[in-house]
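Have the model open while you read.

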Amino acid sequence: MVDAVVNVAAVLEAAGLTNRHVQEFVEHWAGVTGASSVQVVSAADDERLVAEALEAGELVPAGEGRYYARSYVKDTARAEERTIVATGDERDRGTYNNWRPGAETKEKLVELMTGASAGRTMYVIPYLMAPAGSPLDRYAAGVELTDNRGVVLQMIRMSRVGADNVNDLGDDFVRGVHVTGDLANLGQGTPDDKRHFVTLADERTILHFGSSYGGNALLGKIAHGLRQGSYDGWKNGFLVEQFMLLGITDRQTGRKYNIAGGFPSASGKTNLAMTLAPEALGDRYYVEFYGDDIAWIWVDEDGVLRGFNPENGVFGVAKDTNERTNPTAIDSIVPGSGAIFTNVAYNERTQDVWWEGRGDKPTDLDGWLDWKGERIADRAPEHADDPWAHPNSRFTTQLANVPNVAKDWDDPRGVEIHGIIFGGRTRDREPLIRAITDVAEGVYDGLTLGAEATAAADGLEGVLRYDPMSMRPFLSYPEADYAQHWLDVIGQARNQPIFAHVNWFQRDAEGRFIWPGYRENLRPLVWLMRLRSGEVTGVPSPVGILPARDELDLAGLDERTLADLDTLLTIDVERWRQEIGYREEHLAQFDGLPEPIWAAHRRVAAALDAERE
Ligand code: GTP
Ligand code: SPV
Ligand code: MN
């Protein structure tokens, strides 16, 4: 034990990790987990670690400079019911955060982690979840300890990794410990489920046990970038949200608008941020990618609402990604990109990868393995139609590979935010877009975002639920405080953003999406920019301003979409009145919800009643 302690400090020193607090942290957890060695990593170690992972069979090549990994079959998505926010203050208990008392939760995790990395290397990942030099830097640095090499490779792609990020910070860094555990023996989904994904928010400590899946294992991303971040933001005056962030430039007017937007997991953030303008609109507009999953948002010293993407990469959903739906994504995962694919189908002969919606299904089955590693050619007849890829299979690639990444994506000052949108998978009720100019109504709209959950969370696909601002799985404090915090932060901004609710997922009676989505989503966003700058006026409705049909640029839309346009651009008042009842029940769960939110609710309800009369 004494020897190990001496060694840890020496190993860290040798790797240039000189922060004494980090050294103590690593020593402590190396002792608890029983790791046999300690290794500090930086982005420069990627090539070596990839080679080691290939050698160990943890990765296989997917063509030149691209890789494939398969995960344990019961470890393919976030496990929301196993995710806990723990603090020492009972008042932090919220409806969605599975709050537990900090001290006993920590004890439980220490018990689970004790000796659980025996014989393994403990990798020390010093990281920053921000462009270096930002005003929020002091909340963005962390050190993840993990016993999993694959997690290191993902972290190198998704965050900025290197000892310099933490050397000068003293005690001001998030402590993260990830122990994979014996995945085949964790009782996933049983009453004796050993998985625990804990954020000790008031200690700025994250302890995750029992998974190697992204959202459960890349502690910089979800646990720090969203859960710890939102707690720190609440205490320190900024917002941390599961938002994409994009810029749209209108070359004709020279105006540029930056839009942030919350869509629940696997509901279109990556695709929207990567979108290209529809071909039919020529080269008038172009979209720049800032972020696809997380935005940290604050009001600067001039009173300007700004935001940045704290990530360094994209962990994107593979399903339905192809040259037509998202050519930008396809270009960002080409051979040589260093991309890592997880749980897609893999051809061990040709090293090709494939997923549902990639294009035509390969007809020559030779060499193809499904996401479980089973030979597709040998499938029993009753499994012939099973998906080849897991619905939550993903690709990981660095932002630098994304063709439309903004020139200033790395600017520590972030960008001004002009619009905030919410949307999700809502098969009816929600029109294509409705704009909201009042801040409290905009915040109310985010809080009542109702949509279908997706395969990004285990066992929840298709469940209709409220997902406030798309933060339900990541909220680390109570909703009433969250609502107030939103009102406070946005209230300070002198450039009040315009809000909007969008829906790309309206369906007809046969279940077909009536809006073509993807690149075409730029059309309603262009309308929103034009509304904000007074170029169009829209049509008022009880739930916001809708586009008049001729205010949308319809060039090149197909006949079928044009025929459905009236459905897309109108609201069903009766259906909405019913929704108001559900919302009332939903919001009533949250003690102390700010009065302006209730007032917004009552205004919308009254406007709907008036419309009916
Ligand atoms: P997370 O990374 O889980 O937070 O998800 P995300 O919100 O970034 O979702 P993403 O953009 O990766 O999309 C998830 C799924 O929705 C993919 O299968 C997309 O192909 C599909 N999708 C995205 N945009 C659209 C759209 O406009 N229309 C339709 N029909 N599907 C879409
Ligand atoms: C999500 O589930 O919302 C994701 C993927 O963005 S993960 O990073 O795994 O949480
Ligand atoms: Mn997400």
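## What buried area means here

Buried area is the accessible area, taken with a 1.4 Å probe, that two parts lose on being put together, summed over both. Keep in mind that we're looking at a predicted model.

How much area do domain 1 and domain 2 bury between them? It comes to about 2600 Å², with 64% of that on carbon and sulfur atoms. On the domain 1 side, Y96, L226 and W234 stand out: they supply 30% of the area that this domain buries against domain 2, more than any other three residues. In terms of contacts, 31 residues of domain 1 touch 30 residues of domain 2.

There's a polar part to this story too. Nine residue pairs are in polar contact between domain 1 and domain 2, and the count of salt bridges between them is three. Take R160 and D410, which form a salt bridge with their closest N and O atoms 2.9 Å apart. On the side of domain 1 that touches domain 2, helix α7 (residues 219-236) gives the most, with eleven residues. That side divides into 14 nonpolar, ten polar and seven charged residues.

## Around ligand 2

Now for the ligand. Ligand 2 has 13 residues around it, and the ones that come nearest are R78, G215, K221, Q242 and S265.

Three of those side chains are worth a click. S265 has a side-chain N or O atom 2.5 Å from an oxygen atom of ligand 2. For R78, a polar side-chain atom lies 2.8 Å from a ligand 2 oxygen, and for Q242 the corresponding distance to an oxygen atom of ligand 2 is 2.9 Å.

## Salt bridges across the structure

Side chains of opposite charge can pair when their charged atoms come close. Searching the whole structure turns up 55 salt bridges. One of them joins the side chains of E288 and K407, at 3.5 Å from N to O. E288 sits in strand β15 (residues 285-291) and K407 in the loop between β23 (394-398) and β24 (415-416), so this pair ties together parts that are 119 residues apart in sequence.

Technical notes
Residues numbered from 1 in each chain as written. Chains lettered and ligands numbered in written order. Predicted model: local features only at pLDDT ≥ 70, side-chain atom pairs only at ≥ 80, totals over all residues. Heavy atoms only, no water. Contact = heavy atoms within 4.5 Å. Salt bridge = Lys/Arg side-chain N within 4 Å of Asp/Glu carboxyl O. Polar contact = N/O pair within 3.5 Å; in protein donor to acceptor, adjacent residues only side chain to side chain. Helix = DSSP H or I, 4+ residues; strand = E, 2+ residues; numbered from the N terminus. Nonpolar A, V, L, I, M, F, W, Y, C, P; charged D, E, K, R; others polar. Near = heavy atom within 4 Å.
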